[in-house]
Amino acid sequence: MLIGAHVDPTDPVAEATARAADAVQFFLADPQGWKAPQPRADAEQLRTAGVDVYVHAPYVVNVATGNNRIRIPSRKLLLAHAKAAAAIGAKGLVVHGGHVNAGDDPATGFDNWRKALAYAQEAGGFGLPVLIENTAGGDNACARRLDSLARLWDAIGDHEVGFCLDTCHAHAGGEELLGLVDRVKAITGRIDLVHANNSKDAFGSGRDRHDNLHGGTIDPELLVTVIRAAGAPVIVETPGGTTGQSDDIAFLRAQLGAETSV
Ligand SMILES: [Zn+2]
């Protein structure tokens, strides 16, 4: 099982080495901004370093919203990040499930997702798997609770799209972790990546504050149970820099019996 971390984008391979990580995830542009990603000088190194690369799309991307001034740039930016991620050999592009505004019909969000995927297909495809991630908050989110996720997959399941399960988001979002993998797979048929994070906040709080695996409000053993059941590559998005993330990776590797490939 590949285990890695979300790292600073300046030198991801060095960050992987510093953490004894098999995989890295990073942003290709400001996560709070609308700038298109630029080609990376280290593209060849990233493709050949033997470290699995995942890219996280900016947080501003919301292809579900009924606000066209957000929705249209979001689907363009998502496609741009997908092409840039494919160019560095990334295994997947993670994007949050998004949401509609208060008072809007959630059905429009699921339909807007379908339109975004059709738009990308007409433009030649993403070029790599796009992994929709469950989110922690919001009453109108497309992928917070599993009832919404089921409606989302009804709308987009014909398209080739994957799923990223974030344990902090599930817990804070109000989904019980015990048995969660089976309940998710009954909807999506797949889990392509796990974001292994503890939560600083209580079950169902709707807040998105990650903690190290031994911190927070989730029993670390329960996290391990979920990760083992998912059987997918794991990325920790935990605080504490190199030390905090190295400890989290080492804990998971020991618990899961996985060996480092670095
Ligand atoms: Zn995450």
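## Helices, a zinc site and some loops

Let's start with a pair of helices: the axes of helix 8 (residues 220–230) and helix 9 come within 11 Å and cross at roughly 65°. This is a predicted model, in which local features need pLDDT of at least 70 and side-chain atom pairs count only at pLDDT 80 or more, while totals for chains, interfaces and linings use all residues. Residues are numbered from 1 along each chain as its sequence is written, and side-chain values use heavy atoms, with hydrogens and water left out.

Helices (H or I, at least four residues) and strands (E, at least two) are DSSP runs, numbered from the N terminus. Axes are lines fitted to C-alpha atoms, for helices over the stretch in contact, and angles run from 0 to 180 degrees between N-to-C directions.

Back to our pair. Helix 8 and helix 9 are roughly perpendicular to each other (angles under 35 degrees count as roughly parallel, over 145 as roughly antiparallel, 65 to 115 as roughly perpendicular and the rest as oblique). Helix 8 passes helix 9 in a right-handed crossing. Which residues in helix 8 meet helix 9? They are P220, E221, V224, I227 and R228, and their partners in helix 9 are F251, L252, Q255 and L256. Contact here means heavy atoms within 4.5 Å.

Helix 9 has another residue to look at, S246. With 18% relative accessibility, S246 counts as buried (buried means under 20% relative accessible area, exposed over 50%, partly exposed in between, with a 1.4 Å probe and protein chains only). Setting aside neighbours within four places in sequence, S246 is in contact with A18 and R19.

Helix 3 (residues 68–87) and helix 4 (residues 106–122) have axes that come within 10 Å and cross at roughly 45°. Helix 3 and helix 4 are therefore oblique to each other, and their crossing is right-handed. From helix 3, R71, R75, K76 and L79 take part, meeting N112, K115, A116, Y119 and A120 in helix 4.

If you follow the chain on from helix 4, L128 sits in the loop between helix 4 and strand 5 (130–133). Is L128 buried or exposed? At 11% relative accessibility, L128 counts as buried.

Next comes the zinc ion. Which residues are its protein donors? They are E133 (OE), D166 (OD), H195 (ND1) and E237 (OE), lying 2.0 to 2.2 Å from the zinc ion. Donors are N, O and S atoms within 2.8 Å of the metal (3.2 Å for Na, K and Ca), and water is not among the atoms, so sites may look incomplete. Along the sequence, the donor residues follow the spacing E-x32-D-x28-H-x41-E. D166 lies in strand 6 (residues 162–166) and E237 in the loop between strand 10 (234–236) and helix 9 (241–256), so this pair ties together parts that are 71 residues apart in sequence. D166 is buried, at a relative accessible area of 0%, and E237 also counts as buried, at 14% relative accessibility.

E237 turns up again among the contacts of H6, a residue of strand 1 (residues 3–6). H6 counts as buried, at 17% relative accessibility. Apart from residues up to four places away in sequence, H6 touches Q25, F26, F27, H56, I235, V236, E237 and Q245.

A20 is found in the loop between helix 1 (12–19) and strand 2 (23–26). Most residues other than glycine have a negative phi. A20 has a positive phi of about 50° although it is not a glycine, and A20 is partly exposed, with a relative accessible area of 32%. A49 belongs to the loop between helix 2 (43–48) and strand 3 (52–56) and is partly exposed, at 33%. A49 and V13 are 36 residues apart in sequence but 7.1 Å apart in space, C-alpha to C-alpha. G231, in the loop between helix 8 and strand 10, is exposed, with a relative accessible area of 56%. G231 and M1 are 230 residues apart in sequence, yet 7.2 Å apart in space, C-alpha to C-alpha.

How values were computed. Left-handed = near helix turned anticlockwise from the far one by under 90°.
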